[in-house]
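Please examine the sequence and the structure shown here.

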Amino acid sequence: MDKLRICGGRPLEGEVVIAGAKNAALPDLCAALLTAEPLTLANVPRLQDVATMLKLLAHMGVRIERGDAQPDVVTLDASRITAPEAPYDLVKTMRASVLVLGPLLARCGAARVSLPGGCAIGSRPVDQHIKGLQAMGAEIAVEHGYIVARAPAGGLRGARITTDMITVTGTENFLMAAALARGETVLENAAQEPEVVDLAELLIAMGAKIDGHGTSRIRIQGVDALHAPRAPHRIIPDRIETGTFLCAVGAAGGHARLRGARADHLDAVIDKLREAGVSVDAGDGVIDVRMSGRPRPVSFRTSEYPAFPTDMQAQMMVLGCIADGTSRVSETIFENRFMHVNELARLGAKIEVDGHTAVVHGVPRLSGATVMATDLRASASLVIAGLVADGETVVDRIYHLDRGYDRMEVKLRALGADIERVKA
Ligand code: EPU
């Protein structure tokens with residue numbers, strides 16, 4: 001297993017280009033299942049999760065072309081879906097595989113998708129996905145670890161779906177299923193994340209009739225068929241990668257320019273960084289970030305968009321670890337998303353966890369050690385902590401990081417960080 005070796009203590013200086021959003025690319029790739037015409041996506045990030053999704057779609061018979069000269073452009077041809085199923089071997093490595101369920105049911109009338117099972121950050125069931133698709137008339141059984149779903153004769157029908165909690169991939173599954181259902185679907189309590197909006201805009205460009213995306217009530221009028229959009233759909237910039245680099249500069253100090261980024265998707269994170277004393281200036285597609293000295297302590301609570309994202313909790317916590325005072329961090333989305341705390345403690349951080357809240361007592365310095373990545377965003381926080389810590393930090397099990405960051409160590413090296421990948 002590859003590791004990252006980091007020699008901390010250097011401020012960051014330079015420019016990086018932000019990649020397309022992982023969590024928009026994954027549903028957008030699945031939208032290809034909804035049409036018999038080839039769909040072209042641009043700004044597709046080069047990540048392990050994208051590779052897994054492409055493997056899964058290829059398993060179903062989707063033909064995929066990824067430009068050699070332009071690897072961020074992908075064309076998917078789902079004119080023939082030969083196997084509407086997602087096998088356990090692929091689903092177990094990536095929960096987002098459940099995103100094929102809605103489009104397969106809508107286009108093929110049947111789907112067999114492995115249950116995702118456990119996950120490091122919490123139990124993460126898919127009961128709401130099932131409940132919503134049942135409301136659209138699907139018959140769903142769980143057999144031998146698989147969700148076996150069948151649409152009624154004549155196809156899925158529009159329904160009013162109110163989920164028990166806000167679910168991002170649930171909302172995306174319903175959007176894709178409803179786009180080809182008969183009649184109107186109304187999603188109440190819908191997720192408002194920019195990635196949901198990106199998917200809705202792609203579907204609209206394919207001929208879907210959707211309004212209200214970006215609010216908690218989305219209305220979809222089903223259509224008979226979807227088509228290839230006239231122009232390739234460009235995936236939005238990754239707000240979590242952007243936020244991760246903002247936190248890296250906020251913690252390590254220095255000055256960086258992030259290109260191809262959207263500050264308007266990160267209001268809650270930028271507010272907290274400014275409260276911590278980090279200077280953030282947003283221009284058109286560019287964010288400048290500057291920091292010197294110790295951060296001020298900042299307390300925050302994760303919640304659904306537009307509030308502070310759970311996917312930024314671990315990275316922002318690193319600023320608290322070296323802040324001049326005590327911060328409180330509350331996690332409200334996932335029940336087990338403080339696994340980075342014990343690893344940060346190995347670097348000298350002083351953190352107490354009480355249920356869903358972590359109390360972070362800032363210390364003047366962290367000191368390098370060997371730590372282990374446990375999930376994607378936890379890994380990013382350990383890398384940031386390694387940039388700050390004195391001496392050498394080794395982050396083990398970085399396959400988690402590779403799932404969701406496009407060559408993070410290469411980008412950090414471009415900012416002057418002393419970081420290298422040690423191949424297994
Ligand atoms: N939930 C249920 N039942 C369901 C669906 C969700 O109980 O049927 C619960 C979850 O267990 C969780 C909460 O509802 O406690 C919210 O989960 P949600 O469904 O919104 O999460 P998700 O769609 O599985 C996406 C992102 C995650 C991100 C969350 C929250 C993708 C592919 N994944 O997951 O991203 O943390 O929304 O914003 O979009 C990451 O990129 O590192 C990542 C984990």
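The helices α5 and α6 cross in a right-handed sense, a crossing being right-handed if the near helix is turned clockwise from the far one by less than a right angle, and left-handed if anticlockwise. This is a predicted model, in which local features need pLDDT of at least 70 and side-chain atom pairs count only at pLDDT 80 or more, while totals for chains, interfaces and linings use all residues. Residues are numbered from 1 along each chain as its sequence is written, and side-chain values use heavy atoms, without hydrogens and water.

Two packed helices are described by the angle between their axes and the distance between the axes. For α5 and α6, the axes come within 9 Å and cross at roughly 25°. The helix α5 is therefore roughly parallel to α6, a term used for angles under 35 degrees. Axes are lines fitted to C-alpha atoms, for helices over the stretch in contact, and angles run from 0 to 180 degrees between N-to-C directions. Helices are DSSP runs of H or I with at least four residues, and strands are runs of E with at least two, numbered from the N terminus.

Both helices also take part in the surroundings of the ligand. Each of α1 (22-30), α5 (127-135), α6 (168-179) and α12 (376-388) supplies at least two residues of the shell, and the largest share, three residues, comes from α5. In total, 22 residues surround the ligand, the closest being Asp 127, Thr 167, Thr 169, Asp 311 and Ile 333; a residue counts if one of its heavy atoms lies within 4 Å.

An oxygen atom of the ligand lies 2.7 Å from a polar backbone atom of Ile 333. In the side chain of Lys 22, an N or O atom is 2.9 Å from an oxygen atom of the ligand.

Two loops deserve a look. Pro 306 lies in the loop between β18 (300-301) and α10 (313-321), and the peptide bond from Tyr 305 to Pro 306 is cis, with omega near 10°. Asn 43, in the loop between β3 (39-42) and α2 (48-59), has a positive phi of about 65° although it is not a glycine.

Terms used: A polar contact is a pair of N or O atoms within 3.5 Å; within protein, one must be able to donate a hydrogen and the other to accept it, and residues adjacent in sequence count only if both atoms are side-chain atoms. Angles under 35 degrees count as roughly parallel, over 145 as roughly antiparallel, 65 to 115 as roughly perpendicular and the rest as oblique.
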